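Open the model in your viewer and keep the selection tool at hand. We will go stop by stop.

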Amino acid sequence: TVAAGVVIRQSPGPGPQAPGTVVDLEVSTGPFALTMPDVTNLTEENARAILAAAGFTAIDTVEEFSEEVLEGFVIRSEPEAGQQVPQGNQVTLIVSSGPEPVAVPDLVGLSTADARQLLDQLGLVLDVSSQTTEVTAASGLEGLIATQNPSLGETLLPGEVVTVSLGVLRQ
């Protein structure tokens, strides 16, 4: 309850003393526990500054994917805002690294409806090119997706586009 640097007790107590008497002072190092401030939705830099000003010295950072919180901003803290934290204990900032990348699936051989449904589930967007790709009857790709860009296994962020072209028989 006493701020850092303020005398809590002295010995001997107040009053006249003989010259040369040694006086022992007990000085506060600050509160034993600090209240964790709310640093959610702040940049990591701002959150660290607020924590340092509140007396926190052991601050760690962990990154986590988030579709709701922008990259570089605090998603939450551990311990949570409002909790009492023993002075000197480590606190952790969970900082957004942005949305999690998605691996592009193999769309070749699918109908546009099936490809759209699959991409919707992954948060990706289907773009059907007006240009077609010539295929053979033996390929079985007539009227189906014949090519895609980006290709299978490449990663995109949610909301990005996969462009496909439909197969048409060679003349």
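Select Val23 in the loop between β1 (7-11) and β2 (24-27). Strands here are DSSP runs of E, at least two residues long, numbered from the N terminus. This is a predicted model, where local features need pLDDT of at least 70, side-chain atom pairs count only at pLDDT 80 or more, and totals for chains, interfaces and linings use all residues. Residues are numbered from 1 along each chain as its sequence is written, and side-chain values use heavy atoms, leaving out hydrogens and water.

Together, Val7, Val23, Leu25 and Val27 make a nonpolar surface patch of about 320 Å². Nonpolar side chains are joined within 5 Å.

Next, select the open sheet. Its 3 strands follow the order β4-β7-β5, with mixed pairing. Strands pair if DSSP finds at least two bridges between them. At the edges are β4 (58-64) and β5 (74-78), each pairing on one side only.

Zoom in on β5 and β7 (residues 90-96). They run antiparallel, joined by 4 bridges. Find Val74: opposite stands Val95 in β7.

Last, colour by pLDDT, the predictor's confidence in each residue, from 0 to 100. The chain's mean is 93. Strand β3 (residues 33-35) is lowest, at a mean of 89, and strand β9 (residues 125-128) highest, at 98.

Methods. Patch = residues over 30% accessible without salt bridge, like charges linked within 9 Å, V, L, I, M, F, W, Y side chains within 5 Å. Areas by Shrake-Rupley, 256 points an atom, 1.4 Å probe, with all protein chains shown as cover. Salt bridge = Lys/Arg side-chain N within 4 Å of Asp/Glu carboxyl O.
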